[in-house]
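Colleague: I have a model open and would like to go through its features. Could you start with the terms you use?

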Amino acid sequence: MATSPDVIAVVVVLAFAVTNGASVPSLADGGGNNNLTPSSNADGQNVAKTGGEVCGTGGMVCIGLPFGCAGKSELSCDVLAKVGVTGPTVHIDLSAWAQRGQKLALENRWIAVGFSENGQMGKSPVVHCFVDAGKAQSKLTFNSNMEYRNIGWKDIDQTQLSAMRLTFEPDTLSCSVNLNRTLTIKGLNFDLAGTKHSLIIATGPFVAGKAL
């Protein structure tokens, strides 16, 4: 995630809980409704907060762009993230489609989902999915508190992220990954399933090897 004016973002507040030995997402705000309240965060991006939508099987939680699409139909989303906890990992499916409402150009695009403890973009682990040299890639990155700038992946331990399936076609970009539920980034420790987090989904241009 970055601070380019082309970036589009939405926030959904949720928590993960472990029940009877099985890890499942537990909505923490709004009881699962999808009534969005647009606001603006510190970097001027449009942000909406919602209770999120349980989707698929195993209590997966969905968040998508444009605002509210996950509560209607996946076919109405240009970008969609599905997130769920499975034991020691958080499973993430990130997808974008070129031939839907926003007619996204996927060849030079990134999509991302971030995990925020305060509902803002700063100090947040982020999973990026993007196209580089014609191939889909996924990376664990980090938004710093300084202007919510994303510092990229160069100095972050990528063994904390496992790519299961990466796909790029003219009309589809998708990354299916497993992320350790406990992370260490820049000396900071995160427990994505043990602490309440907001999910942030965003998309923007990927130019010259950088997410703008």
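Modeller: Helices (H or I, at least four residues) and strands (E, at least two) are DSSP runs, numbered from the N terminus. This is a predicted model, where local features need pLDDT of at least 70, side-chain atom pairs count only at pLDDT 80 or more, and totals for chains, interfaces and linings use all residues. Residues are numbered from 1 along each chain as its sequence is written, and side-chain values use heavy atoms, with hydrogens and water left out.

Colleague: Fine. Where is Ala 133?

Modeller: Ala 133 sits in the loop between E10 and strand E11 (135–143). Its phi is positive, about 55°, although Ala 133 is not a glycine.

Colleague: Is Ala 133 buried or exposed?

Modeller: Exposed, at 76% relative accessibility. Buried means under 20% relative accessible area, exposed over 50%, and partly exposed in between (1.4 Å probe, protein chains only).

Colleague: And what about the phi of Lys 186?

Modeller: Lys 186 also has a positive phi of about 55° without being a glycine. Lys 186 is in the loop between strand E14 (182–185) and strand E15 (188–191). Most residues other than glycine have a negative phi, and most peptide bonds are trans.

Colleague: Which peptide bond is cis?

Modeller: The one from Leu 65 to Pro 66, with omega near 5°. Pro 66 belongs to the loop between strand E6 (60–65) and strand E7 (79–86).

Colleague: Changing topic: how many disulfides are there?

Modeller: A search of the whole structure gives two, a disulfide being a pair of cysteine sulfur atoms within 2.5 Å. Cys 69 is joined to Cys 77, S to S 2.0 Å. The torsion about that S-S bond is about 105°, so the Cys 69 and Cys 77 disulfide is right-handed. Cys 69 is buried at 2% relative accessible area, and Cys 77 is buried at 0%.

Colleague: What does the pair of Cys 129 and Cys 175 tie together?

Modeller: The sulfur atoms of Cys 129 and Cys 175 are 2.1 Å apart. Cys 129 lies in strand E10 (residues 124–132) and Cys 175 in strand E13 (residues 172–180), so the pair ties together parts that are 46 residues apart in sequence. Both cysteines are buried.

Colleague: Which residues have the most contacts inside the largest nonpolar core?

Modeller: Ile 92, Leu 94, Phe 115, Val 127 and Leu 179, in a core of 35 residues. Such a core is a set of buried Ala, Val, Leu, Ile, Met, Phe, Trp, Tyr and Cys residues joined through side-chain atoms within 4.5 Å. Another core, of eight residues, lies apart from it, and Cys 77 is among them.
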